[in-house]
Amino acid sequence: MSAVEDKLAELGLELPETATPAGAYVPAVQTGRYIYTAGQVPLVKGTLPMTGKVGAEVTPEEAKDLARTAALNALAAVKSVAGDLDRIARVVKVTGFVASAPDFTGQPGVINGASELLGEVLGAAGKHARSAVGVAVLPSDAPVEVEMQVELAD
């Protein structure tokens with residue numbers, strides 16, 4: 001197991017299997033030293049634990065936990081291409097999408113779930129630029145979706 005996966009285990013987390021794509025795409029691609037993931041919803045063993053809009057059916061706290069799960073799924077997608085998460089030199093950018101009730105404006109707090117996980121697991125290499133975007137709906141009525149770009153070490 002890698003040092004990153006050891007850290008996940010310390011946190012009581014396990015890297016999931018990479019989710020099977022729901023369309024004509026792959027979970028992640030590499031170009032040069034960079035890996036770009038597809039958007040990852042918070043699937044747990046192939047199922048969404050919650051659905052709905054944040055600020056309506058889903059609380060911001062629940063959504064923050066779901067963003068953490070989506071980031072874990074994105075790390076699994078990175079591993080599917082890199083082979084070893086210890087190859088991550090840094091997370092460059094995270095984009096988080098939050099299916100939001102019309103009056104919900106706390107998207108950054110929700111996506112902090114993903115950002116905080118990356119910091120806990122990767123330390124300084126987990127610090128990244130980020131966008132947190134409110135949207136009307138996400139695939140399968142998922143409350144959140146996270147994608148990331150990482151740079152690999154030489």
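Helices (H or I, at least four residues) and strands (E, at least two) are DSSP runs, numbered from the N terminus. By this definition, Gln 107 lies in helix 3, which covers residues 107–122. The structure is a predicted model, in which local features need pLDDT of at least 70 and side-chain atom pairs count only at pLDDT 80 or more, while totals for chains, interfaces and linings use all residues. Residues are numbered from 1 along each chain as its sequence is written, and side-chain values use heavy atoms, with hydrogens and water left out.

The protein chain contains 3 helices and 5 strands. Read from the N terminus, these elements follow the order α-β-β-α-β-α-β-β. The radius of gyration of the protein chain is 14 Å, close to the 15 Å that the globule rule gives for 154 residues, so the chain is as compact as a globular protein of that length. Here the radius is taken over C-alpha atoms, and the globule rule is 2.2 Å times the number of residues to the power 0.38. Along the principal axes, the C-alpha atoms fill a box of roughly 45 × 30 × 25 Å.

Of the 154 residues in the protein chain, 43% are buried. A residue is buried under 20% relative accessible area, exposed over 50%, and partly exposed in between (1.4 Å probe, protein chains only). Contact means heavy atoms within 4.5 Å. Among the contacts with a separation of 6 or more, 80% are between residues 24 or more positions apart.

Gln 107 may now be considered again. This residue is buried, with a relative accessible area of 11%. Leaving aside its neighbours within four places in sequence, Gln 107 is in contact with Val 98, Ser 100, Ala 132, Val 133 and Gly 134.

Glu 145 belongs to strand 5, residues 144–152. Glu 145 is buried yet has no salt bridge, a term for a side-chain nitrogen of Lys or Arg within 4 Å of a carboxyl oxygen of Asp or Glu. The nearest side chain of opposite charge, Lys 53, is 12 Å away; Lys and Arg count as positive and Asp and Glu as negative, whereas His and the chain ends are not counted. Beyond its neighbours within four places in sequence, Glu 145 has contacts that include Gly 39, Phe 97 and Pro 139.

Two loop residues complete the tour. Lys 45, in the loop between strand 2 (34–37) and helix 2 (60–82), has a positive phi of about 55° although it is not a glycine. Lys 45 is exposed, at 84% relative accessibility. Ser 140, in the loop between strand 4 (129–135) and strand 5, has a positive phi of about 60°, although it is not a glycine. Ser 140 is exposed, with a relative accessible area of 63%.
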